[in-house]
Amino acid sequence: MRLGFMAKVYINSTDRKLFTYGDTTGATVDPGRVILADGSDHDRVLFTVNKTLPGPELVVFQGQEVKVRVKNSLVGTETSIHWHGLEMRGTPWMDGAAFVTQCPILPGQTFTYKFKVPRAGTFFYHAHSGMQV
Ligand SMILES: [Cu+2]
């Protein structure tokens with residue numbers, strides 16, 4: 001049986017073992033039981049946020065200012081984070097489209113996104129540089 005939507009897993013960067021997010025028992029997860037968010041079961045490289053896919057949930061009030069500090073820990077690859085569906089009124093440079101509204105965040109660099117959430121709803125963020133779309 002695959003975990004699918006039943007649990008969120010993360011990978012330990014030192015030993016590359018999988019664990020269930022929020023579980024404190026230390027039990028590992030068999031990679032063969034994990035199905036990725038897009039439903040595909042072939043092996044490939046994933047870029048994650050804070051070692052999870054999907055990344056951490058952000059709960060924000062309409063009109064609230066958001067600050068998100070992004071450190072690019074990818075090896076040899078630039079990135080940026082696009083705030084999908086949110087209009088960046090007054091701060092278009094915070095939209096997160098690399099080479100369009102900002103320079104990409106280089107490996108080892110940190111960039112802080114700071115913007116106001118213009119409206120209520122459910123949105124998502126994703127990497128937005130080169131093939132990271
Ligand atoms: Cu998008």
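1. The domain assignment, automatic or taken from a database, divides the protein into domain 1 (1-43) and domain 2 (65-127). The C-alpha centres of domain 1 and domain 2 are 26 Å apart.

2. This is a predicted model, in which local features need pLDDT of at least 70 and side-chain atom pairs count only at pLDDT 80 or more, while totals for chains, interfaces and linings use all residues. Residues are numbered from 1 along each chain as its sequence is written, and side-chain values use heavy atoms, with hydrogens and water left out.

3. The protein has 0 helices and 7 strands (DSSP runs: helices are H or I of at least four residues, strands E of at least two, numbered from the N terminus). Its C-alpha trace spans about 45 × 35 × 25 Å along the principal axes.

4. Strand β4 (residues 65-71) presents Val66, Val68 and Val70 on a covered face, and Glu65, Lys67, Arg69 and Lys71 on an uncovered one. It runs antiparallel to β6 (residues 110-116), to which 7 bridges join it (strands pair if DSSP finds at least two bridges between them). Val70 has Phe111 as its bridge partner in β6.

5. Ser129 lies in the segment after β7 (124-127). Ser129 counts as buried because its relative accessibility is 2% (buried is under 20% relative accessible area, exposed over 50%, partly exposed in between, with a 1.4 Å probe and protein chains only). Beyond four places in sequence, Ser129 touches Glu78, Thr79, Ser80, Ala98, Phe99 and Pro104 (contact: heavy atoms within 4.5 Å).
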